[in-house]
Amino acid sequence: MTSSDLLFDAILNGEQASIDDHVKRLLSYDVSAGDILNERCIPATQEARQRFEQGVFYLPDLFIALRSYLSALETLRPHISTQTYQQAIGYGEFDITCHL
């Protein structure tokens, strides 16, 4: 399993203790912060929402995934613009909460 897959799973499963390490490892492999955000972090929140809609995830699972997404976003914060950061926070909160 690659580091980006591990990050996706960590966000989805709420493994906050490992998220910081996964993000930093990807950055050390010269993966751009934008790619980490768009290819792993955001898709993990989308997957959490889909699982909630399917009845696989419950409301606490959804909020755990959102909290984990925000944790990854905080680690990425020094590597992205303020505007991107604010948009990403808004996206994560909107994507999760608009489906409740």
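**Exercise 1. Is His-22 buried or exposed?**

Solution. The relative accessible area of His-22 is 10%. Buried means under 20%, exposed over 50%, and partly exposed in between (1.4 Å probe, protein chains only). His-22 is therefore buried. Helices (H or I, at least four residues) are DSSP runs, numbered from the N terminus. Last, list its partners. Beyond four places in sequence, His-22 touches Ser-3, Leu-6, Leu-7 and Ala-10. Contact means heavy atoms within 4.5 Å.

A note before going on. The model is predicted, so local features need pLDDT of at least 70 and side-chain atom pairs count only at pLDDT 80 or more, while totals for chains, interfaces and linings use all residues. Residues are numbered from 1 along each chain as its sequence is written, and side-chain values use heavy atoms, with hydrogens and water left out.

**Exercise 2. Compare Asp-30 and Val-31 in the loop between helix 2 and helix 3.**

Solution. Start with Asp-30. Its relative accessible area is 71%, so Asp-30 is exposed. Its phi is positive, about 65°, although Asp-30 is not a glycine. Most residues other than glycine have a negative phi. Now take Val-31. Its relative accessibility is 29%, so Val-31 is partly exposed. Val-31 touches Leu-26 and Ile-36, leaving out residues up to four places away in sequence. Its C-alpha atom is 9.5 Å from that of Ser-4, 27 residues away in sequence.

**Exercise 3. Check the span of helix 4 against its number of residues.**

Solution. Helix 4 covers residues 59–76, which is 18 residues. The expected span is 1.5 Å times one less than the number of residues. That gives 26 Å, and the end C-alpha atoms are 26 Å apart, so the two agree. Which residues of helix 4 are buried? They are Leu-62, Ala-65, Leu-66, Ser-68, Tyr-69, Ala-72, Leu-73, Thr-75 and Leu-76.

**Exercise 4. How do helix 3 and helix 4 pack?**

Solution. Helix 3 spans residues 33–53. The angle with helix 4 is about 175°, and the axes are 9 Å apart. That makes the two helices roughly antiparallel, a label for angles over 145 degrees. Helix 3 brings residues including Ala-33, Leu-37, Cys-41 and Phe-52 to the contact. Helix 4 brings Leu-59, Leu-62, Ala-65, Tyr-69, Ala-72, Leu-73 and Leu-76. By type, the contact residues divide into 14 nonpolar, 1 polar and 1 charged. Here Ala, Val, Leu, Ile, Met, Phe, Trp, Tyr, Cys and Pro count as nonpolar, Asp, Glu, Lys and Arg as charged, and the others, Gly among them, as polar.

**Exercise 5. Which residues of the largest nonpolar core touch the most other members?**

Solution. The core has 27 residues. A nonpolar core is a set of buried Ala, Val, Leu, Ile, Met, Phe, Trp, Tyr and Cys residues joined through side-chain atoms within 4.5 Å. Leu-7, Ile-11, Leu-37, Cys-41, Tyr-69 and Leu-76 touch the most other members. Helices 1, 2, 3, 4 and 5 each supply at least two residues of this core.

Follow one of these, Leu-76. Beyond four places in sequence, Leu-76 is in contact with Val-23, Leu-27, Ala-33, Ile-36, Leu-37 and Cys-41.

**Exercise 6. Trace how Ile-11 and Ala-65 meet.**

Solution. Ile-11 lies in helix 1, and Ala-65 in helix 4. Ile-11 is buried at 0%. Ala-65 is also buried, at 0%. Contacts of Ile-11 include Ala-65, Cys-41 and Tyr-69. Ala-65 in turn touches Ile-11, Leu-12 and Ala-48, leaving aside neighbours within four places. The C-alpha atoms of Ala-65 and Gly-14 are separated by 5.4 Å, yet 51 residues apart along the chain.

How values were computed: Axes fitted to C-alpha atoms, helices over the stretch in contact; angles between N-to-C directions. Parallel < 35°, antiparallel > 145°, perpendicular 65-115°, else oblique.
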